[in-house]
Amino acid sequence: MKSKIFNIERPLKESDDKSAYGFLSRLDKEVIKEAIEKSYPNMPNFCLSKVEIHPSGFCNLKCKFCYGKKLAPQKRINLSTKKIKEVLENIRKNFPNKDILIILSGLYSDPLTHQDIKKIIKLLGDYKFRFGIYTNGLLIDNSLMKVIIDSAYKSNSPKPSYISFNIAASLISYQFKRILPLIKKLFKKNKQIGNRLEINTPIVVPKKAFNYDLLFNIIKELDLAGVDNIRLSLPWIQHDRNKIEKYVSLSKEDYEKSINFFYEMQRHFKKVRVREPQNLGKFPKCFAMSMSLSISPEGNVYPCPETSSPIFKKEFSFGNIHKNKISEIWKSKKHLNVFSKLNPNKSRCLCCPVNGEFNSLCKQFLRK
């Protein structure tokens, strides 16, 4: 397999399902297929399967490689615990898909900075949702770890919940040595409940040269700690219409050197996955919004997490949970109107550029 960017030889992956975060493609594969094969280019049969909630508008770090920092509003707020509870309750009562994935994350924030994050995670368990948490991990302690494990155990899904630690953030904040023992402890507790929680550790390697020996040792430690996926990638500029492959301060030579090292790590460690920039699909409709939605700290509802900023409210938002229930927003006239008018080729997105599995599936099904 060759890179579509610099024509570098790549090892073939065993399967898409085993790639980093491949559980997302497994979750959505049949929904994507139905939406495209049966209804393209008309309205797909909207079936909600993933809801991403950004409970906090704050972050405890200021990472230079964070693409969300330019999308953050000047005035930041948190989503109330009461409103999040109403959303979860409404989803459980009104949607036929009982295996909906709830994600706690943030475009320019960390969900663990929310003052009631333990209550929110406990609610996920109370409503038996499978969930995912994206965090830098710096605010995790033993009590929060217990809540995460307990809620993962209560899920009625055959698939595990997961937590994704941003290792790059812990490295630049010199907190990796504190995070590693927590990951090890989380692995042991998870094993005790039957591995109901998948532990992922994405590493975004910022800028040009980096210490290869240091990175090798970090990967080795994470591998020994028992994590399920170690994803290696380089920072890239979000919402760039023409240059999805544009990396921050990286020449072609630096890119090749870095990415080749990544694939060497993938050959050495079975748990390592590599994310390269994806620009596989140019589709006239955003099929992601036929099966998922994202809720910002302001309560606005968007097609995907990458657009969950007030900057995109006029263009992409199709509702607000402070005004209407999720069951009223989903498949509403405004929702369908955004789907009809949103052309990823002309908007600020390139059809889920962060989800290569989704683009690959779209391309596959559209060929048939």
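The structure is a predicted model, and its secondary structure comes to 12 helices and 10 strands. Of the 368 residues in the protein chain, 57% are buried.

- An open sheet is built from 7 strands in the order 5-4-3-2-1-9-10, and its pairing is mixed.
- The edges of this sheet are taken by strand 5 (197–200) and strand 10 (301–302), each of which has a single partner strand, so that one side of each is left without a neighbour in the sheet.
- Strand 1 (residues 50–53) pairs in the parallel sense with strand 2 (residues 101–104) over 4 bridges, and within this pairing the bridge partner of Glu52 is Ile103 in strand 2.
- Helix 3 (residues 117–126) packs on the sheet, where it touches strand 2 and strand 3 (130–135), and the direction of helix 3 makes about 170 degrees with that of strand 2.
- Helix 4 also packs on the sheet, touching strand 3, strand 4 (161–165) and strand 5, with a direction that makes about 150 degrees with that of strand 3.

**Helix 4 against helix 6**

- The axes of helix 4 (residues 142–154) and helix 6 (residues 176–192) come within 11 Å and cross at roughly 35 degrees, and the crossing is right-handed.
- From helix 4, Asn142, Met145 and Ile149 meet Leu182, Lys185, Leu186, Lys189 and Asn190 of helix 6; the residues of this contact divide into 4 nonpolar, 2 polar and 2 charged.
- As background to the spacing of such residues, an α-helix has 3.6 residues a turn, so residues three or four places apart point the same way.

- Strand 7 (residues 230–233) and strand 8 are joined in the parallel sense over 3 bridges, and Leu232 stands opposite Val274 in strand 8.

**Met265, a buried residue of helix 8**

- Met265 is found in helix 8, and its relative accessible area is 4%, which is under the 20% limit, so Met265 counts as buried.
- Leaving aside neighbours within four places in sequence, Met265 is in contact with Phe216, Ile219, Leu232 and Val272.
- The C-alpha atom of Met265 is separated by 10.0 Å from that of Ile230, a residue 35 residues apart from Met265 along the chain.

**The two sides of helix 11**

- In helix 11 (residues 333–341), the residues His335, Val338 and Phe339 are buried.
- Seen down the axis of helix 11, the buried residues fall within an arc of 100 degrees, and they therefore line one face of the helix.
- These buried residues pack against helix 9 (313–316) and helix 10 (326–329), whereas Lys333 and Lys341, on the other side of helix 11, are exposed.

Technical notes. Residues numbered from 1 in each chain as written. Predicted model: local features only at pLDDT ≥ 70, side-chain atom pairs only at ≥ 80, totals over all residues. Heavy atoms only, no water. Axes fitted to C-alpha atoms, helices over the stretch in contact; angles between N-to-C directions. Left-handed = near helix turned anticlockwise from the far one by under 90°. Contact = heavy atoms within 4.5 Å. Nonpolar A, V, L, I, M, F, W, Y, C, P; charged D, E, K, R; others polar. Pairing = 2+ DSSP bridges. Buried < 20%, exposed > 50% of the residue type's maximum accessible area, 1.4 Å probe, protein only. Arc of directions from axis to C-beta.
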